[in-house]
Amino acid sequence: MDFDALPHNLRECFLDMASFLEDQKIIASTIIDLWSELYGKESCLCMTYLQELASHNLLQLLPLGRNECENSFYSELLVKQDNFLREFAINQCQTEPIFERKRLNLEIQENKFPNWCLNPKHPIVITASLLAISTDYLFSSGWGEMYCPNVEALVLNLSSSNYALPNFIATMEKLKVVIIINHGLDPAKVTNLSCLSSLPNLKRIRFEKVSINLLDIPYLQLISLEKLSLWLCHVVETVNETEVDVSETLQSLQEIEIDYCYNLVDLPYWIYQVVSLKKLSVTNCNKLCRVLEAICNLRNLEVLRLSGCTSLIELPKTIEKLSNLRFLDVSGGFQLQKLPLEIGNLQKLETISMKDCYRCVLPDSVKHLENLEVKCDEETAFLWKRLKRKMKNLTITEQETEHNLNLLQLF
């Protein structure tokens, strides 16, 4: 491998991969969130970086069997890096003195911190822009004090069942993205989320395999947050609703991704109050049984993805208020009985993805959807072909249902 021959941007991205643990399959969205904020690049360009690194055999891309990059949705793609390449990246990052490194990996085993963290004569000042902290299952969240004024990206790799975020996160005034990944067997209870409050530049938060109360989010005053992601999380149920003005506390939030949250039955009501939201993806949540009529509040919504929600029976009539919606995905909705009559009012709707929705009744109003593309399986396509004479500009793209064994590597 001629590392020095790589373009500068690819060398930087390759070194960032050292922030993740060995022998892991990483959701592509995780890496793209990291690079989007570290380098100020669009997600599609960050995806290109992944593809270029793969073309140089510096990592592997493992698709999960669907159109993994549709509408900047990258949760259907896994990234794997060989351990010797990760070790090479780590060694490259360690050529500079600890307190001068651009990337710093802090590994804590059995509550034992590295020597440079112990009994410092002066306060520990981390100058790195990318900080990765990895702890094992014995870690008791006994944090020391650090000052991290330049950290823009924070990756927390944890394995314990209970994990308190370190208070020194509050010193990260330049922090743009936080990625919390639990590698333990069960979802970890993450506490002290308040240290994320009021960070002026925090734009992305990603939780993976943690237990979280979604009602805590609006109280954190995340006024700069643009994207919130949850993957394989246990959502704590609560009967109370938020009393804060979400349009103020989450005024910049444009995208929410909730994937494989197996116990999610209803979305918290505050999500329907985020009027700035442009993309809402709730995927592979088998217990989600409904979408509330309050979704009509999301007038700026452009993408609504509800794929893999096998208990979903119908969509609310108020979906007609989503005047900017251009992409709707209900694939895998085996129990979806019908599309609402009002769907014909969505004049900006360009694409409906509804693979495996062959039981779904199509209202006659869909004929008002001009220049529509429908992506579906052969059986569902039969429902649409009957409307072809009334919808001259209708495009039907048949896609086979794929069963990909890469999916088993997620769990």
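Which residues line the largest cavity? The close-up views below take up this cavity and several other sites.

The model is predicted: local features need pLDDT of at least 70, side-chain atom pairs count only at pLDDT 80 or more, and totals for chains, interfaces and linings use all residues. Residues are numbered from 1 along each chain as its sequence is written, and side-chain values use heavy atoms, with hydrogens and water left out.

**View 1. The largest cavity.** Leu15, Ala18, Ser19, Ile90, Cys93, Gln94, Arg101, Arg103, Leu104 and Asn105 form the lining. A cavity is a set of points, on a 1 Å grid over the protein atoms alone, where a 1.4 Å probe fits but cannot get out; lining residues have an atom within 4 Å of a point. The volume is about 60 Å³. That volume is the space filled by probe spheres set on the points, with grid points joined across faces, edges and corners. Helix H4 (83–93) and strand S4 (103–108) each give at least two lining residues. S4 has the largest share, with three. Helices (H or I, at least four residues) and strands (E, at least two) are DSSP runs, numbered from the N terminus. By type, the lining holds five nonpolar, three polar and two charged residues. Here Ala, Val, Leu, Ile, Met, Phe, Trp, Tyr, Cys and Pro count as nonpolar, Asp, Glu, Lys and Arg as charged, and the others, Gly among them, as polar. In total, the model has three cavities of 30 Å³ or more.

**View 2. The second largest cavity and Ile26.** This cavity has a volume of about 50 Å³. Its lining is Met17, Phe20, Leu21, Glu22, Asp23, Gln24, Ile26, Gln81 and Arg86. Four of these residues are nonpolar, two polar and three charged. Ile26 sits in strand S1 (residues 25–27). Ile26 counts as buried because its relative accessible area is 9%. Buried means under 20% relative accessible area, exposed over 50%, and partly exposed in between (1.4 Å probe, protein chains only). Beyond residues up to four places away in sequence, Ile26 touches Met17, Phe20, Ile31, Leu77, Leu78 and Val79. Contact means heavy atoms within 4.5 Å. Ile26 and Leu362 are 336 residues apart in sequence and 38 Å apart in space, C-alpha to C-alpha.

**View 3. Phe207 in the largest nonpolar core.** This core has 101 residues. Leu196, Phe207, Trp270, Met354 and Trp384 have the most contacts inside it. A nonpolar core is a set of buried Ala, Val, Leu, Ile, Met, Phe, Trp, Tyr and Cys residues joined through side-chain atoms within 4.5 Å. Not counting residues up to four places away in sequence, Phe207 touches Ile180, Leu193, Ile212, Ile217, Leu228, Ser229, Leu230, Trp231 and Cys233. A second, separate core has 37 residues, including Ile31, Ile32, Leu38 and Ala153.

**View 4. Ser281 and Arg305.** Ser281 lies in strand S17 (residues 279–283). With 2% relative accessibility, Ser281 is buried. Its side chain makes a polar contact with the side chain of Arg305, at 2.8 Å. A polar contact is a pair of N or O atoms within 3.5 Å; within protein, one must be able to donate a hydrogen and the other to accept it, and residues adjacent in sequence count only if both atoms are side-chain atoms. Neighbours within four places in sequence aside, Ser281 contacts Phe73, Ile256, Glu257, Ile258 and Arg305.

**View 5. Gln273 in a loop.** Gln273 is in the loop between strand S16 (255–259) and S17. Gln273 is partly exposed, at 29% relative accessibility. Apart from neighbours within four places in sequence, Gln273 contacts Thr242, Val246 and Ser247.

Notes: On a 1 Å grid over the protein atoms alone, a cavity is a set of points where a 1.4 Å probe fits but cannot get out, and a pocket is an open set with protein on both sides within 12 Å along at least five of seven lines; lining residues have an atom within 4 Å of a point.
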